[in-house]
Amino acid sequence: MEASFGPTFSTVAAGAKGSTHRRTPSSSSTLTYSPRDDDDMPPIGTPRRSDSAISIRSLHSESNMSLRSTFSLHEEEEDTEPQVFAEQPSVKLCCQLCCNVFKDPVITTCGHTFCRRCALSSDKCPVDTAKLTVVVNNIAVAEQIGELFIHCKYGCRATPASAAAAGGAGAAAGAGVAAPGAATVAVPTITTVAGKPGAYEVDPLGCPFTIKLTSRMEHEVSCDYRPVRCPNNPSCPPLLTKHLEAHLKECEHIKCPHSKYGCTFIGNQDTYETHLEVCKFEGLKEFLQQTDDRFHEMQLTLSQKDQDIAFLRSMLGKLSEKLDQLEKNLELKFDVLDENQSKLSEDLMEFRRDASMLNDELSHINARLNMGILGSYDPQQIFKCKGTFVGHQGPVWCLCVYSTGDLLFSGSSDKTIKVWDTCTTYKCQKTLEGHDGIVLALCIQGNRLYSGSADCTIIVWDIQTLQKVNTIRAHDNPVCTLVSSHNMLFSGSLKAIKVWDIVGTELKLKKELTGLNHWVRALVASQNHLYSGSYQTIKIWDIRSLDCVHVLQTSGGSVYSIAVTNHHIVCGTYENLIHVWDIDTKEQVRTLTGHVGTVYALAVISTPDQTKVFSASYDRSLRVWSMDNMICTQTLLRHQGSVTALAVSRGRLFSGAVDSTVKVGSPPRFLFVIPCGGPFSVCFLFFMPSTGTPTFPLMRNLSFKPVE
């Protein structure tokens, strides 16, 4: 005997092959059993025959398994149809899990074949303990099993053992009730599907045919032994199909075909024909038929109308949903409209305030022009934007000017530094890439550019080649600000300032200045002092000894920017204020107000005659302050976002902002009229306030007739 089952099986014995139907002799063959739970009429009970089947115990003893009794090509019919095989099925056609003939055989990943239900309900293969996973149907085995011959189910009856195990009710419902006094034989108990007892044997008085398993349904539909009911009266005793015709000839319960219209006739075949001759409904049958047809048409029409109504209701529901959605969208648009209107109103009010502020400043400037001072302003005095550098993909946070080569460097949130030509082409010459974070600070010392970033590093660049020459891990936190002086570089970060000696392209850490309690956002080196801004404190350090020599306390929030003039120390704060101290006495002399946002940057333009401070703010404006009288002389609204950085060079002001642009502005030209060589000759000189040197000299000798 073979110990395992695989996809290859021996063919069924030749005796099981042949025609689809064949009559079974009285000494018929091996049986396999299954319970039957269908609702068909049971076959008429007949005496049992002791020699009607061959026991399968020998098969079980050979294969060490009990053959499962059923096989069905339709899974929904499993466990419901009795199967009595005409000959013993081959052991190779049996599942090793349920020990029965394969039902819906499938090949698993281990290469063995099992019933689909067994493979899905079991975890391991009984042969090699591999995990069971269904791969494909075993069509070859299914075809072999389909060729096996079985007895027609109307030629089988339940054995006494199965009837007793099922309590009598299940067997009676499955295969009918045996006739009283029928003989019985002892049959061994057979394991059946799902553990339900359901052994069957051949009924000698039932259908004598054996059929192929694949042709079972075709035969049983037309089997003469199929139980039927009398179509005239359900109370008539059960019948076989072959007896139905004879019964109908003798049946006493034949109804008039017009009984549905109210005819009460019931009789046999002879009286039925006589009745039709006198039935009052017979003469109206054409009319009644037409009425039925009309009624049927009306029912169809009504059904169609019901479908139309259902369709219209569904469309109405969809339209209601769309209407609700449109209402929501309309409400949302109204909300957006209200929000936009409110925003426009606020912008209009802000514009009016700015216009009023500009008018006030213009009035003030005009008043000063009319004070009788020698000389007058040129009509182009108002500071104007001359151009915009566009190229960064994020906010610009720092600016630095290399005056020797007329180059402007700008650092941005896009992690790059752009090099702009401010003299000839006014274009970006190169984009320097190397940082992994926002570029927050720029500083120039000699021919070297130093950049500090949120990636905590300082990169050294050669300005002549515009190439990176060194990278230093400077701090544990972002490098916020840089400044150089006395061949040293100062870098500010969180609670610390580091001092670096500049040795070629290297930076050697010289000292770390401590005692700072917040971010160092501002550093300025002027003459022999370093000014640092941290929280609400400005510390003044001696550059030579690197000791703190003075501390200035501020109010109005953290210090964000510092500028130093010849006479004053100026700082911008988080809360919109600009504080001014006397540089000699260290006494605070003024607090400048006007900005409505954090003052991010300060820049100074000094001439022998005057000093002006430019301030950049979160409120998108730049203000020009005269340090002679501490008043704002002009407000510049040039950017679409917060102004974050300032730089000055050769009378030009550069401003960087969150709108990713850098704008260039030319300072005003002052026209002074002074005597030039005689009482009636004058010289018109244009002065640039940033340098105090005359530009574009125009010498004109004008002759006037003396006034008598």
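Trainee: In which sense do strand β36 and β37 pair, and over how many bridges?

Mentor: This is a predicted model, in which local features need pLDDT of at least 70 and side-chain atom pairs count only at pLDDT 80 or more, while totals for chains, interfaces and linings use all residues. Residues are numbered from 1 along each chain as its sequence is written, and side-chain values use heavy atoms, with hydrogens and water left out. Strands are DSSP runs of E with at least two residues, and helices are runs of H or I with at least four, numbered from the N terminus; two strands pair if DSSP finds at least two bridges between them. K612 has S626 of β37 as its bridge partner, and strand β36 (residues 611-617) pairs with β37 in the antiparallel sense, over five bridges.

Trainee: Which residue in the turn between β36 and β37 has a positive phi?

Mentor: Most residues other than glycine have a negative phi. The two strands form a hairpin with three residues between them, and the residue in the turn with a positive phi, about 75°, is R620.

Trainee: Which residue stands opposite W625 in β38?

Mentor: β37 also pairs with strand β38 (residues 631-637) in the antiparallel sense, over six bridges. These two strands form a hairpin with four residues between them, where M630 in the turn has a positive phi of about 60°. Within β38, the residue opposite W625 is C632.

Trainee: How many residues of strand β37 are buried?

Mentor: Buried means under 20% relative accessible area, exposed over 50%, and partly exposed in between, with a 1.4 Å probe and protein chains only. In a regular strand the side chains alternate between the two faces of the sheet. From β37, S621, R623 and W625 point one way and L622, V624 and S626 the other way, and all are buried. For strand β37 (residues 621-626), the buried count is therefore six of its six residues.

Trainee: How many residues apart in sequence are the parts that E220 and K153 tie together?

Mentor: A salt bridge is a side-chain nitrogen of Lys or Arg within 4 Å of a carboxyl oxygen of Asp or Glu, and the side chains of E220 and K153 meet in one at 3.9 Å, N to O. E220 is buried at 5% relative accessibility, and K153 is buried as well, at 6%. Because E220 lies in helix α6 (residues 216-221) and K153 in the loop between β5 (149-151) and β6 (156-158), the pair ties together parts whose separation in sequence is 67 residues.

Trainee: Is K260, which forms a salt bridge with D292, buried or exposed?

Mentor: The closest N and O atoms of K260 and D292 are 3.3 Å apart. The pair links distant parts of the chain, with K260 in the loop between β11 (254-255) and β12 (266-267) and D292 in helix α9, 32 residues apart. D292 is partly exposed at 23% relative accessibility, whereas K260, at 61%, counts as exposed.

Trainee: What is the phi of Y426?

Mentor: Y426 lies in the loop between β17 (416-421) and β18 (428-433). Its relative accessible area is 48%, so Y426 is partly exposed. As a residue other than glycine, Y426 has a positive phi, near 55°.
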